[in-house]
Amino acid sequence: AAVHLRNLLNYKPSDTDLVKLADEVGVAAFLRLRNIPKWSDDPKVNKEARENVEQLIKRVTDAVNKVRRDPARIQGYIKNLTASPEENAYALKELAKSGAVVVPYIIDALRSASPEERIRYLDALRRLGPDTIAPMVAALDSNIPWLQVALLRIFQKRYSASTARLIQREVVPNLWFLAASPTQPDDVRRQAAAALSFFLEIPADKLPSARVALTRLAENYYLHRVSFADANAVTIWRWDGQRVVEGWPGAPTVSADKAEEYYGLRFASQALLLDPAYVPAQVVLLSLVLDKTQSKAGLDQTLERAAPKVHDLLGRVQSDLVNAVLERALEEHRVAVILGAVRDLGERKEVRALRPMDRLGPPLVRALYYPDRRVQMAAAEALLQIPDSAVSLATTRVVEVLRRAVAAISSPPGVGQGEQKRKVLVGYFNEDLRNRVAAAVTAAGYDAVAVTSGRELMQRLAQASDVALVLFEEELPDPGLAQLLGQLHADRFASQLPILLTAAPPRADASGRLPDDPSQRDLLRGEAIRHEEKLRRYVARYPNVTVIPAALALDAKGLKPLLQARLDDPANPALSAKEIQDYAERSIANLARLARGEIAGYDVRPAGATVLEALRAPSKLTPKGQGFAIEIAARLRGEEAQTVLANVLADGKRTTAVRIAAADALVRNIQQFSPLLAPNQIRVLAETYADPKLEEVLKTKVALVFGSLRPSTRQSGDLLLQYQPPAPGAPPKNEK
């Protein structure tokens with residue numbers, strides 16, 4: 001067979017021959033060749049046969065598409081529809097082989113046909129296969145009354161047990177607007193209403209409101225409730241203003257995501273054409289626009305930069321509508337929509353966004369508690385843009401969100417070192433096992449942060465927003481699996497984090513060693529697999545938890561793609577290192593604004609320890625960010641603040657501007673809260689002052705620090721005695 005297959009391809013049959021062969025045996029016969037597992041014992045021959053199968057399938061498919069889609073062929077058979085009964089029957093049979101692509105040509109022929117020819121063409125449309133219904137539906141948008149009425153009648157005639165589901169899916173949704181739109185002629189509206197009544201088996205006067213039905217249809221696409229045969233290649237038939245077309249130029253098919261956008265906007269827009277003030281349709285349409293646009297741009301991008309057109313639309317609509325969109329998105333957990341709405345409300349500086357819509361409070365404030373770091377950050381920044389935002393009583397939460405963003409770059413590193421990587425929180429009680437898992441995580445390219453109990457795990461999550469994924473064992477103690485999962489699910493910061501849970505490994509006894517007997521080993525492995533499945537059923541209520549075998553956590557090669565898949569989930573991608581750094585810089589800048597009192601009602605002192613930690617060497621903040629941190633530190637009471645500022649001043653690796661800012665801040669802090677520096681720290685400053693390589697401007701600043709330390713009268717006298725004026729130089733030369 002492999003030899004015959006090779007000979008067939010070498011013969012190079014024409015497209016016509018291949019189509020004739022496909023008509024005789026069916027295309028499926030070629031596809032079944034893929035099911036042959038082995039063509040020859042010779043690996044070379046076997047490989048060649050498999051390649052030849054794919055080549056033959058491609059040639060047959062291309063030939064069938066080319067011949068059956070040939071316009072001249074299709075138009076020739078359409079012309080024969082008006083010939084003798086025998087020619088009509090043969091033409092109809094051949095047109096049926098071409099499928100949906102013949103409909104646009106028949107519609108074109110209908111528009112220029114005589115009354116007698118129209119009868120033949122319409123009869124052909126009635127008798128063609130089910131794949132022709134979708135392009136026929138597209139012709140309903142032609143606004144040619146006689147054609148619309150004729151097609152509606154054909155749909156009713158084609159309705160049967162075999163086509164009922166197809167017509168319900170393809171035809172019915174497109175009848176609501178025709179049945180209710182005042183722009184349609186009376187006969188079209190009546191025929192569309194009659195068709196709806198017929199298909200839905202509801203009296204015409206009992207049909208639901210068209211605007212409500214259309215809004216529900218749009219919601220189905222927005223909520224991903226509509227399935228497609230091929231999510232990667234959805235064919236959309238539409239009326240382009242002149243004729244029925246398949247897709248768009250250069251894009252005959254689109255992705256399911258694009259199809260959802262097209263149909264969702266179509267039906268929501270039709271609902272608004274019937275009633276522009278219908279708020280549910282407005283909410284669905286704007287939600288859909290935000291969802292598709294923000295998802296395509298990336299959750300880290302603003303619409304102002306990524307989609308100016310959508311950004312302008314969002315800014316021009318009523319703020320109450322944006323609030324309603326945000327309210328719904330929070331309930332449905334649509335992160336892309338939440339981000340778009342939150343950022344818009346902040347840009348508007350909309351005071352009404354702080355007013356509660358129901359007992360749950362203002363949606364913008366609720367977004368601060370949404371378990372997604374991007375949403376929390378966007379909500380915090382939005383509130384800071386709104387005048388008198390302190391009335392929201394969320395000031396403490398705003399500061400905490402900003403603090404955690406700063407802590408994300410100043411938290412202690414894990415096992416991984418070097419460049420900043422995504423952090424994986426590893427929870428194992430046994431030290432040896434914990435170290436091995438952490439080593440596997442590090443080898444997979446991530447920074448492992450190890451803890452020994454559930455309590456430590458929750459405490460580490462509370463420190464900073466830097467953990468991208470949690471990996472822990474089923475038997476992690478204190479407080480145990482059930483309570484730990486409950487705490488993680490309830491945590492406002494961590495409930496959406498991806499979690500990998502390792503099932504307990506098979507054990508023969510308390511020592512954890514497997515028996516030497518192979519049969520007993522197999523028995524234990526079987527028990528382990530059953531236990532793993534049981535654990536999966538137990539955590540099924542937590543969609544972010546994935547159960548994996550214990551051995552997989554020790555295999556860096558197998559663990560790496562799993563970590564990458566969970567962290568790069570399109571629905572909830574982890575923050576990149578760039579985003580974490582950017583959030584920290586923006587947060588420290590906002591905390592500095594709050595410390596300066598630019599926005600009344602906020603207390604930054606709870607973030608003080610984190611700010612000082614971020615300022616310590618080696619600081620991951622940029623020099624500009626360090627300047628903001630220094631501003632905050634200048635207003636913090638305590639020895640630690642003065643110590644950190646003094647260390648920054650003495651640090652020769654910092655920029656001159658940062659060291660000058662630290663000196664000024666230290667002087668201010670000492671004057672406000674009195675000197676609190678330890679003697680050893682003063683000694684370090686003295687050594688810095690004595691450094692001959694120290695820039696003059698920095699030497700002056702260090703001197704001011706010493707002056708602010710309130711030296712005694714005796715110390716002042718000693719300093720005066722140490723002063724020596726510069727030696728006199730040579731007299732200036734007389735100039736002529």
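**Cavities, pockets and helix contacts in a predicted model**

Student: How many cavities of 30 Å³ or more does the structure hold?
Tutor: This is a predicted model, in which local features need pLDDT of at least 70 and side-chain atom pairs count only at pLDDT 80 or more, while totals for chains, interfaces and linings use all residues. Residues are numbered from 1 along each chain as its sequence is written, and side-chain values use heavy atoms, with hydrogens and water left out. A cavity is a set of points, on a 1 Å grid over the protein atoms alone, where a 1.4 Å probe fits but cannot get out. The number of such cavities of 30 Å³ or more is 5.

Student: What is the volume of the largest cavity?
Tutor: Grid points are joined across faces, edges and corners, and a volume is the space filled by probe spheres set on the points. For the largest cavity, that volume is about 130 Å³.

Student: Which residues are the closest to the centre of the largest cavity?
Tutor: A lining residue has an atom within 4 Å of a point, and 13 residues line the largest cavity. By class they are 8 nonpolar (Ala, Val, Leu, Ile, Met, Phe, Trp, Tyr, Cys and Pro), 3 charged (Asp, Glu, Lys and Arg) and 2 polar (the others, Gly among them). The closest to the centre are Asp372, Arg373, Gln496, Leu497 and Asn572.

Student: Which element gives the most to the lining of the second largest cavity?
Tutor: This cavity has a volume of about 100 Å³, and its lining includes Arg373, Val401, Arg404, Ala405 and Ala408. The lining has 8 nonpolar, 2 polar and 2 charged residues. At least two lining residues each come from α22 (373-385), α23 (395-410) and α29 (577-596), where helices (H or I, at least four residues) and strands (E, at least two) are DSSP runs numbered from the N terminus. With 4 residues, the element that gives the most is α23.

Student: How are α23 and α30 oriented to each other?
Tutor: Their axes, lines fitted to C-alpha atoms over the stretch in contact, lie 9 Å apart, and the helices pack at about 30° on a scale from 0 to 180 degrees between N-to-C directions. Angles under 35 degrees count as roughly parallel, over 145 as roughly antiparallel, 65 to 115 as roughly perpendicular and the rest as oblique. α23 and α30 are therefore roughly parallel.

Student: Which residues of α30 make the contact with α23?
Tutor: Contact means heavy atoms within 4.5 Å. On the α23 side, the contact is made by Arg403, Val406, Ala407 and Ser410. The two sides together have 3 nonpolar, 2 polar and 2 charged residues. From α30 come Thr610, Glu613 and Ala614.

Student: How are α2 and α4 oriented to each other?
Tutor: Asp15, Leu18, Val19, Ala22 and Asp23 in α2 meet residues of α4, including Arg59, Val60 and Ala63. The axes of α2 (residues 15-25) and α4 (residues 43-68) come within 8 Å and cross at roughly 100°. The two helices are therefore roughly perpendicular.

Student: What is the volume of the largest pocket?
Tutor: A pocket is an open set of points with protein on both sides within 12 Å along at least five of seven lines. The largest one is lined by 35 residues, and Arg169, Glu170, Phe228, Thr235 and Tyr263 lie nearest its centre. Elements giving two or more residues to that lining include α11 (164-170), β1 (234-235) and α15 (256-274). Its volume is about 990 Å³.

Student: How many charged residues are in the lining of the second largest pocket?
Tutor: The second largest pocket has a volume of about 640 Å³. Of its 24 lining residues, Asp300, Thr302, Glu381, Asp582 and Arg586 lie nearest the centre. α17 (303-306), α20 (335-348), α22 and α29 each supply at least two of the lining residues. Besides 6 nonpolar and 6 polar residues, the number of charged ones is 12.

Student: Where does Pro618 lie?
Tutor: The peptide bond that joins Ala617 and Pro618 is cis, with omega about -5°. Another cis peptide bond runs from Asp478 to Pro479, with omega near 20°, and Pro479 lies in the loop between β7 (467-473) and α26 (481-490). Pro618 lies in the loop between α30 and α31 (623-633).
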